[in-house]
Amino acid sequence: MIIASQLCKTVDSHEGRLHILQDINLRIEAGEAVAIVGASGSGKTTLLSLLAGLDLPSSGSIQLAGEEITSLNEDQRAEVRARYVGFVFQSFQLLPSLTALENVMLPAELKGLEQPRQIAEQFLERVGLAERVRHYPRQLSGGEQQRVAIARAFAGQAPILFADEPTGNLDTHTGAIIIDLLFALNREQGTTLVLVTHEQRLAQRCARQLELSAGRLVKDSAQP
Amino acid sequence: MNSKQLALTFRLLGRDWRGGELGLLLAALVVAVTIVVAIALFVDRIQGAILGESNQFLAADRLIRSNVAIPTHWADIAQSNDLRHAEVLNFPTMAMAGDQLRLVAVKAASNEYPLLGQVTFLSAPGGRDQLVSGGPAAGEVWVSPRLLPLLEVDIGEPLMIGEVELTITGLVVREPDAGFSAFAYGPRVLMNLDDIAQSGVVQPGSRVQHNLLVSGSADALSSWEAAMREQLRPDDQLMGVKEAQPRLAQSIDRAERFLLLAGAMGVVLAGVAIAIASRRYTERHYDYVGVLKSLGATSNKILSLYLSHLIILCFIAVFTGSILGWFLHWVAVDSVRGLLLVDLPEPGYAALVLGAATAGISFLAFACPALLHLQKVAPMRVLRRELGTPDFNSRLVLWVGMGGLLALIYLYSSSLVITVSLLLVIGLLGALVMGLTWCLIRIAPGLDGRAANAWALALAAIRRRSRHSALQVFVFTVVILLVLVLALLRNALLEEWRLQIPPETPNHFVLNISPYEVDGFVDLLQQHGYEHAGIYPTARVRMSAHNGQPLRRQDGPASQEGAAAPSDQAGRSINITWSEQLPEDNLLIDGQWWDDAEPGGVSLEEEFATRYGIKIGDRLRFSLADASVELQVRNIRQLDWERMRPNFFVIASPGSLEAFDLVSMTSFYLPPGNKAFLNTLLRELPTVSIIEMDRVIEQVTRIIDQVSMAVELVLLLIALAAAIVLLASIQTSMDERFRDNAILKTLGARLGLLRQAMRLEFAFLGAMAGLLAAGGAELVAALLQTRILDMQPQFHPWLFLVGPAMGAVIVTLIGLAVARRSLSATPMTVLRQLSS
């Protein structure tokens, strides 16, 4: 489902060339739940952005759902994302001028799915926010906002879900609820889940863990 | 775009509207269209009305005036050019009723007279004024009301003009061209041209002024003028309102230019507002686009989405702005309608097209560059905000914006001079203001914020947002400058108009006062409490030779083609006076004024001297009947034609005119309602002639009132646009203000302290902008006055106090009104919003 080969990412800075990611090779099968872990600055989020087609590597290739996305331009990658990818972000990324319902409807609308409203209402009900559909993000707590973001990620009916530190902005209790919800929906929808976290507890919920250190893949739990 | 996509576009637009930024952008677009439509409609209609009314000074659009008969085929030329025409003769003669005789000013008009305007007529003394579009029929005569007691006649009784007996059928109160008749040396008698032949009063050599009046479309008039200029004789004058009423024409001309300038400045302001609102809209949508892209939206989809939004906004703006502009112009027109004597022309649709074009150009030049920028937002922004912000190509935006402004100002003013000067000034000012502000902000003392007082907070805030603060000061400066420039020009125009006709301007001229009558005349005036404006001894002489040669005009068509200029064998009739002193308001520009007793010298008006190619030292011969004198040109003067007072092209030195029989002239102010005094005057001094200028002065005053009102209303509209720009500009810093205030409140800053700091920040920025604007306004106003309005510039030191004070007060008031929300929001709400 996702195949990365010889993946490198370097950036030029005032202090010279920085190697963010080096020589990453991995393969994630459909339906897998994979956690990318590592210390701050180890390159977790960069790897996620490359796998999801949000950014391009300096070298190497990535196949996403059979599409070689590193040879595609931004618009072609956007089309791939539209078909296959959903996101949950640490900072929620809800649009402040849209209600919870409208935020969740957005991916379905952009994809041109039939009855986006019903889809969105269904997922909002699933995340326990049926009563808050008309609320704006500013009227919701952090946990509620992340639940809206999860509903939005699944409402696009994408087969692959990327989550970047989904509990990073939440307290432990709320974080736990969010994680339960994320995994429950993942099971129900049969999606592939790739999440970035520095929380061991969350990483343990995934069947497979990839550990990064200084931009290198140092451990893959699937390959002891 | 299919129906599903269209529905999505509208849905997203509706949601976007709630964000607030679209409202500001729409408001800016609506203001642009409203200003253009309102000013264009207003100026168009008022120009039409004012020009219509001012043309009534001639009772025609153009006329040819001559001391000799107009060739009959000239009327045919007018007819072949699709122009209406009328013929009018003016002459003084004696009217007789019974055994009473009186010198009267006759106007004999053909049936088509007046071509423009109407004659105010009374069917009986004490009756109601009636407006009629013609004069008396053949065999009838209308007379001035004050002639009835002078001749002891009544309506219905006969009046002899020469050998024809006419019946008095009405009283003429006002003719459209009354103030323009040089022979109004007595009570008016209006008769039909058909009776002239029978009267026998017009003979070869009679002192008659012949007029051919024409009226029609502008195109027809200009082709007729071109044809006629080839045929004019030296003594013929072809005149429009400009030549007939130079003061009034100049006032109207300046007012038109002012309104166009104001309109162009309004468009500039609206353009600035649109650019600011678009920039803010764009910045607020980076996250939005980042999310859309992460969800799979392509650049094209983003572009088409935002373009559709803007196009819909443009349509709404054109529709709303046109309605508002139409409404506003009605309000404005309605307020001046009472002052107008003529009907306003119907509003044209050109103004609406101009409004739509403004929206289109504003959209392309000010909003599109910012929106095109949005599609470049990288989807990575959802993970790392700092990586997803595309570089804003400020230079491109600036050039496109300037191009847009150029197109708009030109579209609006149709004047390359106005367009280029405004753009140059704004460009130069921009560079200057940004540089100066940057320096001032950088070097301002006490910016390190060590002391926790309001000043330290205010200055720290300005410095923290130094780039933004410099931009804000620039916008404030441009706005205040434009308003100050318009206010300065308005004041200068109104002041000059007011000076032209101050209260109690002499409104009656008395001519032909014999030397032995002067003392009696002065006594009579004093007895009735009136004051004369100086007694001038004059004679109407012929200037017959220039350096021993016949007089030649240098500005005729023949001279322009290099052939010999036509000569004027008979010479030119002219009023001459003598004076010891250089008259007040005259400016000596060449030569020396004479000593007390130095006969033989003559002084000429500058344009008059140029017209005949006369220089200092040339000798001019003046003759009257059998007498003649030759005088040497000693100096050249400039006259102030703006003032309503006797002015002379030719002034002789004392003792030079002893060969001629001189009569005196003067002018005095007669209050309205005291017309009976004129009859007393004529009974006491039966040979004097009176020119009644009160009606003309009244008409000029009314037109100037209309123009002043138009100027005021347009200024008000511009002030409204300026307020919106200030509002938009302050809105752009709101996010930062919310965050800063939330953090400061979290750290324990009191609300009063923050409020005071904000007040000081706005006051400081406003005062700085006001100071820069005052300097700029002086420069721009002086440039516009000298280059466009043809006025003398003035220095206004008070502006350097008023400018900063006005800037501080207005920016603080608008700033606090807009930014107050950032103080009232609780820190938690703000921080939560910002984190989400």
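This is a predicted model: local features need pLDDT of at least 70, side-chain atom pairs count only at pLDDT 80 or more; totals for chains, interfaces and linings use all residues.
Me: What makes H3(A) and H4(A) a packed pair, and which residues meet?
Reply: Their axes come within 8 Å. From H3(A), the residues A:Ala100, A:Leu101, A:Val104, A:Met105, A:Ala108 and A:Glu109 meet A:Pro116, A:Arg117, A:Ala120, A:Glu121 and A:Leu124 of H4(A). By class, this contact has eight nonpolar, no polar and three charged residues. The crossing of H3(A) past H4(A) is right-handed.

Me: What does A:Ala151 touch, not counting residues up to four places away in sequence?
Reply: A:Ala151 touches A:Val104, A:Phe123, A:Leu124 and A:Val127. Of these, A:Val104 and A:Leu124 also take part in the contact of H3(A) with H4(A). The C-alpha atom of A:Ala151 is separated by 9.4 Å from that of A:Met105, 46 residues apart along the chain.

Me: How do you know which strands are at the edges of the four-stranded sheet in chain A?
Reply: The sheet is open, with the order E2-E1-E4-E5 and antiparallel pairing. Strand E2 (16-28) and strand E5 (67-68) each pair on one side only, and these are the edge strands. Helix H1 of chain A, residues 44-51, packs on this sheet and touches E1, E2 and E4; its direction makes about 60 degrees with that of E2(A).

Me: What makes E1 and E4 of chain A paired strands?
Reply: At least two bridges are required for pairing. Strand E1(A), residues 2-13, and strand E4(A), residues 59-64, have five bridges and run in the antiparallel sense. The bridge partner of A:Cys8 in E4(A) is A:Ser59.

Me: How do you know that E2 and E7 of chain B pair?
Reply: Two bridges join E2(B) to strand E7(B), residues 158-161, and the strands run antiparallel. Because pairing requires at least two bridges, this count meets the criterion. B:Ala95 stands opposite B:Ile161 in E7(B).

Me: Which other strands pair with E2(B), and over how many bridges?
Reply: Strand E2(B), residues 84-97, pairs with strand E10(B), residues 209-215, over seven bridges in the antiparallel sense. Here B:Leu89 has B:His210 as its bridge partner. Strand E3(B), residues 100-109, is joined to E2(B) by 10 bridges, also antiparallel. In that pairing B:Thr93 has B:Val104 as its bridge partner.

Me: What lies between E2(B) and E3(B) in the hairpin they form?
Reply: Two residues lie between the strands, and B:Gly98 in the turn has a positive phi of about 60 degrees.

Me: What is noted about phi of A:Ala214, and why is this residue called exposed?
Reply: Its phi is near 50 degrees, a positive value in a residue other than glycine. A:Ala214 is found in the loop between strands E9 (208-213) and E10 (216-220) of chain A. Exposed means over 50% relative accessible area, and A:Ala214 has 56%, so the term applies.

Me: Why is B:Glu152 called exposed?
Reply: Its relative accessibility is 60%, and the cut-off is over 50%; B:Glu152 therefore counts as exposed. B:Glu152 lies in the loop between helix H4 (147-151) and E7 of chain B. Although not a glycine, B:Glu152 has a positive phi of about 55 degrees.

Me: What kind of peptide bond joins B:Tyr113 and B:Pro114?
Reply: The bond is cis, with omega about -10 degrees. B:Pro114 is in the loop between E3 and strand E4 (119-122) of chain B.

Me: What proportion of chain A is buried?
Reply: Of the 224 residues in chain A, 55% are buried. Chain A contains seven helices and 10 strands. Among its contacts between residues at least 6 apart in sequence, 67% join residues at least 24 apart.

Key: Residues are numbered from 1 along each chain as its sequence is written. Chains are lettered from A and ligands numbered from 1 in the order in which they are written. Side-chain values use heavy atoms; hydrogens and water are left out. Axes are lines fitted to C-alpha atoms, for helices over the stretch in contact, and angles run from 0 to 180 degrees between N-to-C directions. A crossing is left-handed if the near helix is turned anticlockwise from the far one by less than a right angle, and right-handed if clockwise. Contact means heavy atoms within 4.5 Å. Ala, Val, Leu, Ile, Met, Phe, Trp, Tyr, Cys and Pro count as nonpolar, Asp, Glu, Lys and Arg as charged, and the others, Gly among them, as polar. Buried means under 20% relative accessible area, exposed over 50%, partly exposed in between (1.4 Å probe, protein chains only).
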